[in-house]
Amino acid sequence: QSIPFFIAFIGLEFAVSWVQKRKLSGRINDGISSLSLGILSRLPDVLFRSVDLISYIYVWNNYRLFELPWDSPWTWYLTFLGVDFAYYCFHRISHEVNILWAAHQIHHSSEDYNLFTALRQSVLQKYTSWIFNLPMALFIPPSVFAVHLQFNLLYQFWIHTEVISNLGPLEWILNTPSHHRVHHGRNPYCIDKNYGGTLIIWDRIFGTFEAEDAEVVYGLTHPVNSFDPIMLQLRPLAHIWNTFWATPGFCNKLSVIFKGPGWGPGKPRLGLPEEIPVITGKEVPFNPSVPVYFNCYAVVHFAVIMDLYTELLGTVTMLSQGTVLLRIGFIILSLTSFGLLMENRPKAGILEIIRCLVFIGVYKLGYLRSQFSYLGYAYEV
């Protein structure tokens, strides 16, 4: 239900950016990459129930100490603070523990900063974040928790923008676009700062706050340089795997997993600040040159996948498991193909031809359906 609102705000951001700076707020290749990662991160929810709520309800049913009244305003205030503090703790640890950073860094891999970036998420991250919410299950009703979990997530969408500069006194309390731009920067002064979700007070209390100063350069300190969503999800894990086996000593191997991503033998837990690459101001985002019609093609076909994806979300309970798996497989194939096309890979055209042939086959057989029946023939064409 939030997808139309996301699209509307993205369109508004593009319009405001054009009025302010006479340029758009992002690039087609990076935007499609972010949306692809967002879709990919939600596909497990088509097959499985949310681990956040399942684990929370289990603890609530079996181990709760007492029950706060769901209709008391104070319960809602406390839950608001509890969910946001749990997010701060999880978010900070995700930057300071390498195996968790391997999942979370997908969100930081964009070299643009716009509302597309907000949707750039990891498939694996949700399977670790749920642990931090469980203490609240000892006394806060699941219904109240579920609402605030969604509020906290939705709030963080709008702060991924450059078109809003400063919000005055609200900057002292709330996490704002200015604060979150710092969090997404790869400038040395931005690293491991401003972890808050809705509130910035936790960063101010625990010493991780940093105000926006020099112009922020976005992305990872060592850019990934890819738009392939599968590669973006798996490459960090592959890096940990290779480093684990290449590092001598059992304790050092464990440190590769559980210490910071900048750690190495003989270094502090979070690595050495002086090893963070210096920002020169001449950094150029990864942007392979492709013909204009490539971008037009990718946008049109991605819109088709968005239609098929939202139709899947709306009808999943009426579909057989085989049909659901087939649709998920086709969506993953499509997102991968788009990523390779936008990188102008030599074999991308072959994969795209295969994808289109697969589409015609499964669409003719009735395994794929559009939300708009009148578009069926146009899709086949």
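A salt bridge is taken here as a side-chain nitrogen of Lys or Arg within 4 Å of a carboxyl oxygen of Asp or Glu. The structure examined is a predicted model, in which local features need pLDDT of at least 70 and side-chain atom pairs count only at pLDDT 80 or more, while totals for chains, interfaces and linings use all residues. Residues are numbered from 1 along each chain as its sequence is written, and side-chain values use heavy atoms, with hydrogens and water left out.

By this criterion, the structure holds 15 salt bridges. One of them joins Arg27 to Asp112, with the closest N and O atoms 3.0 Å apart. This pair links distant parts of the chain, 85 residues apart: Arg27 sits in the loop between α1 (3-21) and α2 (28-47), and Asp112 in the loop between α5 (98-108) and α6. Helices here are DSSP runs (H or I, at least four residues), numbered from the N terminus. Arg27 also meets the side chain of Asp30 in a salt bridge, at 3.7 Å from N to O. Together with Arg120, the residues Arg27, Asp30 and Asp112 are linked in a network of salt bridges.

How accessible are these partners? Residues are called buried at under 20% relative accessible area, exposed at over 50%, and partly exposed in between (1.4 Å probe, protein chains only). Arg27 counts as buried because its relative accessibility is 17%. Asp30, at 3%, is therefore buried, and so is Asp112, at 11%.

A further salt bridge is found within a single helix. Arg355 pairs with Glu352, the closest N and O atoms being 2.8 Å apart. Both residues belong to helix α15 (residues 348-364), where they are 3 residues apart, about one turn of the helix. Arg355 is buried because its relative accessibility is 3%, and Glu352 is likewise buried, at 5%.

Turning to the surface, Leu47, Phe48, Leu124, Tyr127 and Leu325 form a nonpolar patch with about 460 Å² of accessible area together. Such patches are made of residues with over 30% relative accessible area and no salt bridge, nonpolar side chains (Val, Leu, Ile, Met, Phe, Trp, Tyr) being joined within 5 Å and like charges within 9 Å. Accessible areas come from the Shrake-Rupley method with a 1.4 Å probe, and for residues only the protein chains shown count as cover. Leu124 counts as partly exposed because its relative accessibility is 38%.

Methods. Helix = DSSP H or I, 4+ residues; strand = E, 2+ residues; numbered from the N terminus.
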